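Me: I have a structure open and would like to go through it piece by piece. Can you take my questions as they come?

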Amino acid sequence: MKFIAIMTATPRHKFLNLLQSILLLAGMAVIAWFIVSAIAGQGLAIAIVIGSLLGLLLSPGIPKRLLLNAYGARRLSGREFPEGMAILAELARRAGLPRIPELYYVPSQMPNAFAMGSPDESAVCVSDGLLRLMNQRELAGVLAHEVAHIANRDLWIMGLADAMSRAVSLASWVGQLILLLNLPLILAGAAYVPWQVPLVLIFSPTIMALLQLALSRAREYDADRGGAELTGDPDGLASALLKLERRVGRVWEEMFLPGRRIPEPSLLRTHPPTADRIRRLRALSGPSRPVQPSVPLNAPRTVRVSTPRYGPWGVYR
């Protein structure tokens with residue numbers, strides 16, 4: 001596939017994206033520190049923070065191996081899928097990654113792609129359903145989106161946000177249990193608890209979850225733009241998103257909310273609405289950008305492809 005010139009983001013756009021993510025992470029960090037230190041004490045809270053950071057920094061390969069096994073993924077070679085490997089290598093070069101991400105094949109009919117790891121050691125997984133659905137141009141857009149996640153260290157950022165959210169949820173449950181055990185003393189007047197404390201313990205996990213979802217949507221928008229900059233072809237990713245929306249549709253909403261839909265826009269979404277993402281991408285392309293040819297994709301062959309189902313580790317594949 002022939003790539004066109006790399007697009008560049010304006011300094012203002014980069015600054016606003018960085019500021020948005022910093023503010024969301026800072027808000028989560030303040031809530032996490034307040035709740036955890038109030039329940040466990042400052043000493044233990046500091047130990048939890050240090051342990052979480054060390055875990056994220058020193059053991060990125062453990063979750064990677066577990067997730068690959070959970071999806072039944074196998075690594076693709078350049079001989080088996082030369083088109084995909086060539087596209088991924090060029091995107092990694094353009095993104096300035098020190099190593100080309102490993103490309104993995106997931107034997108599932110569900111169209112899906114995801115990345116894992118750090119810029120130094122990363123992997124991109126694509127499902128059989130995705131490869132059968134996309135052409136070369138659209139696959140380049142999808143892979144560029146995942147490479148942008150890796151280059152921006154979004155996986156580490158979302159891991160940090162998830163660790164803070166889990167710590168707050170655990171501290172909240174412990175705090176509520178302590179309040180319940182001391183309820184007789186509180187009712188007898190032997191102990192006093194400000195009315196704000198139960199409210200904070202109850203609602204802090206929800207606030208953290210909403211901030212985490214907002215951070216996820218912000219990073220998705222940034223990865224869309226980053227992917228468009230890498231390929232120089234925003235319409236390629238827009239076309240891929242439109243295909244995915246039509247094929248997958250509202251499968252998750254029909255599964256968990258039969259007969260209903262999550263309103264758009266919604267605070268409960270991990271990803272922005274597809275229509276909004278496509279609108280932003282097409283605004284980047286402009287009327288003067290050349291149209292890229294839609295070359296069919298020679299996807300690797302496999303013996304057996306599973307229908308979408310829950311795997312042994314609870315993942316839907």
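**Working through the model**

Me: Which helix is Ala238 in?
Reply: Ala238 lies in helix H10, residues 234-248. Helices here are DSSP runs of H or I with at least four residues, strands are E runs of at least two, and both are numbered from the N terminus.

Me: And before we go on, what kind of model is this?
Reply: This is a predicted model, in which local features need pLDDT of at least 70 and side-chain atom pairs count only at pLDDT 80 or more, while totals for chains, interfaces and linings use all residues. Residues are numbered from 1 along each chain as its sequence is written, and side-chain values use heavy atoms, with hydrogens and water left out.

Me: Back to Ala238. Buried or exposed?
Reply: Ala238 counts as buried because its relative accessibility is 0%. Buried means under 20% relative accessible area, exposed means over 50%, and partly exposed is in between, using a 1.4 Å probe and protein chains only.

Me: How far is Ala238 from Gly141?
Reply: Their C-alpha atoms are separated by 8.0 Å, and the two residues are 97 apart along the chain.

Me: Now the sheet. What is the strand order?
Reply: The order is S1-S2-S4-S3, in an open sheet of four strands with mixed pairing. The edge strands are S1 (74-75) and S3 (113-118), and each of them pairs on one side only. Two strands pair if DSSP finds at least two bridges between them.

Me: How do S1 and S2 run?
Reply: S1 and S2 run antiparallel and are joined by two bridges. Arg75 has Tyr104 as its bridge partner in S2.

Me: And S2 with S4?
Reply: S2 (residues 102-106) and S4 (residues 121-127) pair in the parallel sense, over five bridges. Glu102 is partnered by Ala123 in S4, Leu103 by Val124, and Tyr104 stands opposite Cys125.

Me: What about S3 and S4?
Reply: S3 and S4 pair in the antiparallel sense over six bridges. A hairpin of two residues joins S3 to S4. In S4, Ala113 has Val126 as its bridge partner, and Met116 has Ala123.

Me: How many residues of S2 are buried?
Reply: Five of the five residues in S2 are buried. Both faces are covered, with Glu102, Tyr104 and Val106 on one side and Leu103 and Tyr105 on the other.

Me: And how many in S4?
Reply: Six of its seven residues are buried, so by the under 20% cut-off S4 is mostly covered.

Me: What lines the second largest cavity?
Reply: Its lining consists of Lys64, Arg99, Ile100, Glu102, Asp120, Glu121 and Ser122, where a lining residue has an atom within 4 Å of a point. About 30 Å³ of space lies in this second largest cavity. By class, the lining has one nonpolar, one polar and five charged residues. Ala, Val, Leu, Ile, Met, Phe, Trp, Tyr, Cys and Pro count as nonpolar, Asp, Glu, Lys and Arg as charged, and the others, Gly among them, as polar.

Me: Switching to helices. At what angle do H7 and H9 pack?
Reply: H7 (residues 154-181) and H9 (residues 196-231) pack at about 170 degrees, with their axes 9 Å apart. That makes H7 roughly antiparallel to H9, since angles over 145 degrees count as roughly antiparallel, under 35 as roughly parallel, 65 to 115 as roughly perpendicular and the rest as oblique. Axes are lines fitted to C-alpha atoms, for helices over the stretch in contact, and angles run from 0 to 180 degrees between N-to-C directions.

Me: Which classes of residue make that contact?
Reply: The contact of H7 with H9 has 14 nonpolar, eight polar and three charged residues.

Me: Last one. Where is Arg153?
Reply: Arg153 lies in the loop between helix H6 (136-151) and H7. Arg153 has a positive phi of about 60 degrees, although it is not a glycine. Its relative accessible area is 44%, so Arg153 is partly exposed.

Methods: On a 1 Å grid over the protein atoms alone, a cavity is a set of points where a 1.4 Å probe fits but cannot get out, and a pocket is an open set with protein on both sides within 12 Å along at least five of seven lines; lining residues have an atom within 4 Å of a point. Grid points are joined across faces, edges and corners, and a volume is the space filled by probe spheres set on the points.
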